[in-house]
Amino acid sequence: MILSNRRQVPLIALVPFLLIAFGLAWGTLALFIFLPNQMNNIFGELTGQHPLFYLAVYAPAIAAFIVVTYYSGLVGLRRYFSRLLLWRCSPVWYIFLIVGIPLVFVGGAALKGNLFTEPFPFSSFQSFIIALVLTTIKGPVEEFGWRGVVLPLLQRKMAPIWAGLILGVIWGFWHLPAFLLSGTPQSAWSFAPFFFGTVALSVIVTPLFNISHGSILLPALFHFILINPVWPDAQPYDIYLFMFVAVLVVWFNRKTMFNREGAIIEVIPPSRRRSGTA
């Protein structure tokens with residue numbers, strides 16, 4: 001049975017989604033920015049592995065679960081989670097994910113001149129595995145919100161290129177408080193290059209999202225590969241390269257990026273769509 005229109009997530013759901021996603025993340029980090037002594041005394045110093053930092057990172061996913069459940073109930077939420085089982089797309093995309101993204105970081109590090117000068121960042125195989133596990137359960141979870149809810153809703157009103165650009169601005173701006181706190185991974189970075197890089201990445205992943213029929217799994221995999229802790233430090237050259245890649249992706253997908261036909265616009269997939277359908 002297909003969900004009726006009244007059980008689908010409406011466009012207006014963007015408002016509560018953004019209020020929750022920004023309110024929870026920015027509110028949590030703002031307490032450490034404006035009340036550092038009090039928060040450190042109660043919860044300890046904020047780091048990238050602090051439970052409250054995870055809470056801030058999970059804010060888009062939490063917002064997505066609340067919004068989907070409110071508008072579509074548990075039936076809709078289960079249907080929404082079925083998008084984690086969508087994995088089929090052109091083999092070219094898998095080559096890009098597995099080979100292309102690593103090459104961007106290697107190329108960026110080569111341009112920076114530190115490709116062969118930095119040691120392997122982990123002292124043991126155990127620490128490497130732990131880092132991979134923590135990476136898996138952190139950043140990629142954001143995709144439940146960004147590509148899980150926001151992108152399909154934006155594509156109801158605009159072509160994928162514009163939806164991807166707007167989502168990139170939202171996605172990049174959402175990270176801002178992390179750049180104002182010492183102890184977070186972002187505290188050592190410059191916000192402006194990160195912001196423009198995020199916009200480029202949002203554009204890159206948009207056609208992958210659409211060609212995979214709204215998969216949450218593949219954008220999460222994309223996100224994981226981007227933040228894989230083994231990549232060499234390539235900033236800001238990796239960002240420049242990803243901006244160039246974004247231009248190429250738009251060019252090669254120009255027929256679909258500037259046309260709403262074929263764009264995924266529903267948060268809750270029809271029940272007739274099976275897992276992995278191409």
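At 41% relative accessibility, W87 counts as partly exposed, a class that lies between buried (under 20% relative accessible area) and exposed (over 50%), with a 1.4 Å probe and protein chains only. The model is predicted: local features need pLDDT of at least 70, side-chain atom pairs count only at pLDDT 80 or more, and totals for chains, interfaces and linings use all residues. Residues are numbered from 1 along each chain as its sequence is written, and side-chain values use heavy atoms, without hydrogens and water.

**Position of W87**
- W87 lies in the loop between helix 4 (59–81) and helix 5; helices are DSSP runs (H or I, at least four residues) numbered from the N terminus.

**Largest pocket**
- About 1300 Å³ of space lies in the largest pocket; a pocket is an open set of points on a 1 Å grid over the protein atoms alone, where a 1.4 Å probe fits, with protein on both sides within 12 Å along at least five of seven lines, and lining residues have an atom within 4 Å of a point.
- Of its 47 lining residues, P185, W189, L226, I227 and N228 are the closest to the centre.
- Helix 9 gives the largest share of this lining, four residues.

**Second largest pocket**
- The second largest pocket holds about 210 Å³ of space.
- Its lining includes S90, W93, F96 and N253.
- Helix 11 supplies the largest share of the lining of the second largest pocket, four residues.

Notes. Helices (H or I, at least four residues) and strands (E, at least two) are DSSP runs, numbered from the N terminus. Grid points are joined across faces, edges and corners, and a volume is the space filled by probe spheres set on the points.
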